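Here is a short note for someone opening this model for the first time. Please read the points with the structure in view.

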Amino acid sequence: GGMGGGGCMGGGGGGRGAPDAGDIQRFAQRYPLDEAAYNYLVNSPPDVQMTVLQSFSPPRQGESDYSALLISFAKRCRQGMPMGPGPAAQQSQQQQQQQ
């Protein structure tokens, strides 16, 4: 027997499941952000959001503000991903993420 149920928000692990608002809020609790950085993350493409949530690891934990670090990290993610015409193009890009 496999996993039944229509798992529409399958948590994590492959696929192009975009993070939901709850994921981003938990991230912002762990790494405090100012409004600009939070909005930058929320308005980034879903694959950038996934990369940030999975890969963002600042050199020091416990800072009071990660805004500048987060924005520069997200910018690098955006530049590292060729922007396709729309969501359909993003699926083919995910195989090309290894750098």
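1. Buried means under 20% relative accessible area, exposed means over 50%, and partly exposed lies in between (1.4 Å probe, protein chains only). Buried residues make up 29% of the 99 residues in the protein.

2. This is a predicted model, where local features need pLDDT of at least 70, side-chain atom pairs count only at pLDDT 80 or more, and totals for chains, interfaces and linings use all residues. Residues are numbered from 1 along each chain as its sequence is written, and side-chain values use heavy atoms, with hydrogens and water left out.

3. The protein has five helices and zero strands. Helices (H or I, at least four residues) and strands (E, at least two) are DSSP runs, numbered from the N terminus. Along the sequence the pattern reads α-α-α-α-α.

4. Contact means heavy atoms within 4.5 Å. Take the contacts between residues at least 6 apart in sequence: 64% of them join residues at least 24 apart.

5. Which residues have the most contacts inside the largest nonpolar core? They are Phe27, Leu33, Leu41, Val48, Val52, Phe56 and Leu70, in a core of 17 residues. Helix 1, helix 2 (35-42), helix 3 (46-55) and helix 4 (67-80) each supply at least two residues of this core. The largest share, four residues, comes from helix 4. A nonpolar core is a set of buried Ala, Val, Leu, Ile, Met, Phe, Trp, Tyr and Cys residues joined through side-chain atoms within 4.5 Å. In soluble globular proteins, nonpolar side chains tend to be buried together.

6. Next, helix 3 against helix 4. The two pack at an angle of about 130 degrees, with their axes 9 Å apart. That makes helix 3 oblique to helix 4. Angles under 35 degrees count as roughly parallel, over 145 as roughly antiparallel, 65 to 115 as roughly perpendicular, and the rest as oblique. Axes are lines fitted to C-alpha atoms, for helices over the stretch in contact, and angles run from 0 to 180 degrees between N-to-C directions. Helix 3 contributes Val48, Thr51, Val52 and Ser55 to the contact, and helix 4 contributes Leu70, Phe73, Ala74, Cys77 and Arg78.

7. Look at valine 48 on its own. Leaving aside neighbours within four places in sequence, valine 48 is in contact with Ala74, Cys77, Arg78 and Met81.

8. Helix 2 also meets helix 4. Their axes come within 9 Å and cross at roughly 25 degrees. Helix 2 is therefore roughly parallel to helix 4. On the helix 2 side are Ala37, Tyr40 and Leu41; they meet Ser67, Leu70, Ile71, Ala74, Lys75 and Arg78 in helix 4.

9. How many salt bridges does the structure hold? It holds two. A salt bridge is a side-chain nitrogen of Lys or Arg within 4 Å of a carboxyl oxygen of Asp or Glu. One joins the side chains of aspartate 23 and arginine 26 (2.5 Å, N to O). These residues are three apart in helix 1 (residues 21-30), so about one helical turn separates them. Aspartate 23 is partly exposed at 25% relative accessibility, while arginine 26 is exposed at 53%.

10. The side chains of arginine 60 and glutamate 63 form a salt bridge too (2.9 Å, N to O). Arginine 60 is exposed, at 54% relative accessibility. Glutamate 63 is partly exposed, with a relative accessible area of 30%.
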